[in-house]
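Please read them with the structure open.

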Amino acid sequence: MSNLEYTIKELPDLLPLGIRNNMMQNNMLLKDMGDSINTFKESVLLSNPYYNKFYKHMKVEKLLGFINTTASQTKSMSPVMDQFQETHIEFEDGYIDTKNISNFYYGPEYITSIDRFSANNMLNLYQEYFVPTGRFSDIAYLNTIGPVGIRVKPKTKRSIPTSYGYTTKDIRDQQKDISCNLIIIDIGAGSTVTMEETFLSNPALKLYNILYLVREDAKLVLNRSFAPDLGAHIIESKVIQFPNSKFECNTQGGSNPYSQELTEVEIWDNCTTHINGRYYIEKDIVNNVYTKLHHKGTDSFSRVDVKTVLEGNAHSSFRGEIVVDKEAINTDADLKNNNLLCSTKAVAISEPQLDINTKEIQCAHGCTVSNIDADQLYFLQSRGISKQHASNMLKESFLGLIL
């Protein structure tokens, strides 16, 4: 069969044809995760995620411009690590670079890999955390070659540089087919882990379904950045915070033509949660952010703070949800989204949503869309600063970043 070109809208129709190598065709994975595979398959075949009303403000029609080609390049199983340190861990569509896990810095006493080749991989233990959402993450689940990830042993303290995508650009440029990633990050009880996450583009589309388990008394910090390439990212993360855990996600993005960053956090007793996003988008870039914090336990604290600067024809959408269950008393939650429009053609959409089911909480939100303050711009110019430099200073001050 010759190579087939398709878009993400057409991919669900290809599933029954068995054109792509994926989890449904792997007998080993059918044994370990068969129940959930069948559930996802039924969901995707019943309703194509492309048409999900969830995406109404996300301009998903732009994804039709990313053409994927089947069988265009076999996934490399031995990429050359030439851009990062030896301690870097690399993920790509059913592949994990395990050689760095066994080196002196990590070692099996600290971190072990999760993949279909590992002895006692216990993939079936993670089935319960994967539930169809009707979104593109369901396609990522079904179409990946297999789930991969890491387990961090209890009471481990480590910084883990991580790349999502082959670190060698020449290899990335050969990947013309869609990249589907199902990744499990399991942080052991009492551990303190910082993951320096770098998302690397292929010419085609990249989909991620990432599960983070933050066990009791553990702390996980994600520092996310994106390589400024021409590919598109759709990243859906599910975070489970066990009692007394801490989770923080800090994203600096906006450099790719199209992106979705969706984060849902399940928060139990005595947890602390911080989600911070800083995005600078220009030209005709489309950047979408969705957060959902679901407070299920008592005495927890959460903060969402997302800021975006928009230039040119850029489009930004933000949807933030805070859900507080009846049992989640003494919750302290706050949601903020601020957007700075620097062009009359740029569009920023902000949707805060609160679902509060108990009175014994403190919960607030604030979302704004504004322009550069003319008085502040004039003040800086009156001090001898050029208009362009003054404008850049105000943008940098707004984001707290050097652009």
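1. Accessible areas here come from the Shrake-Rupley method with a 1.4 Å probe. On that basis, the accessible surface of the protein is about 17100 Å². Carbon and sulfur atoms account for 50% of that surface. Bear in mind that this is a predicted model.

2. Overall make-up. The protein has 403 residues, and 56% of them are buried. Its secondary structure comprises six helices and 21 strands. Take the contacts between residues at least 6 apart in sequence: 84% of these join residues at least 24 apart.

3. The largest nonpolar core. This core holds 42 residues. Which of them touch the most other members? They are F91, I150, Y164 and L220. Strand β10 (residues 205-214) supplies the largest share, four residues. Domain 1 (1-263) and domain 2 (268-371) each contribute at least three residues to this core. A separate core has 24 residues, including Y6, V60, F136 and I234. In soluble globular proteins, nonpolar side chains tend to be buried together.

4. F247. This residue sits in strand β13 (residues 246-253). Is F247 buried or exposed? Its relative accessibility is 2%, and buried means under 20%, so F247 counts as buried. Beyond its neighbours within four places in sequence, F247 has contacts that include V214, L220, L222, V239 and H274. I275 is 28 residues from F247 in sequence, yet their C-alpha atoms are 8.3 Å apart.

5. R135 and E264. The whole structure contains 13 salt bridges. One of them pairs R135 with E264, with the closest N and O atoms 2.8 Å apart. R135 is in the loop between β5 (111-114) and α3 (136-143), and E264 is in strand β14 (residues 258-267), so the pair ties together parts 129 residues apart in sequence. R135 is buried, at 7% relative accessible area. E264 is partly exposed, at 23%. R135, E236 and E264 are linked in a salt-bridge network.

6. R224 and E197. Their side chains form a salt bridge at 2.8 Å, N to O. The pair links distant parts of the chain, with R224 in strand β11 (residues 219-226) and E197 in strand β9 (residues 192-199), 27 residues apart. R224 is buried, with a relative accessible area of 3%. E197 is buried too, at 0%.

7. D173 and K169. This salt bridge spans 2.9 Å, N to O. Why are the two about one helical turn apart? Because they are four residues apart in helix α4 (residues 169-173). D173 is partly exposed at 31% relative accessibility, and K169 is partly exposed at 38% relative accessible area.

Terms used
Residues are numbered from 1 along each chain as its sequence is written. This is a predicted model: local features need pLDDT of at least 70, side-chain atom pairs count only at pLDDT 80 or more; totals for chains, interfaces and linings use all residues. Side-chain values use heavy atoms; hydrogens and water are left out. A nonpolar core is a set of buried Ala, Val, Leu, Ile, Met, Phe, Trp, Tyr and Cys residues joined through side-chain atoms within 4.5 Å. Buried means under 20% relative accessible area, exposed over 50%, partly exposed in between (1.4 Å probe, protein chains only). Domain bounds come from an automatic or database domain assignment. Contact means heavy atoms within 4.5 Å. A salt bridge is a side-chain nitrogen of Lys or Arg within 4 Å of a carboxyl oxygen of Asp or Glu.
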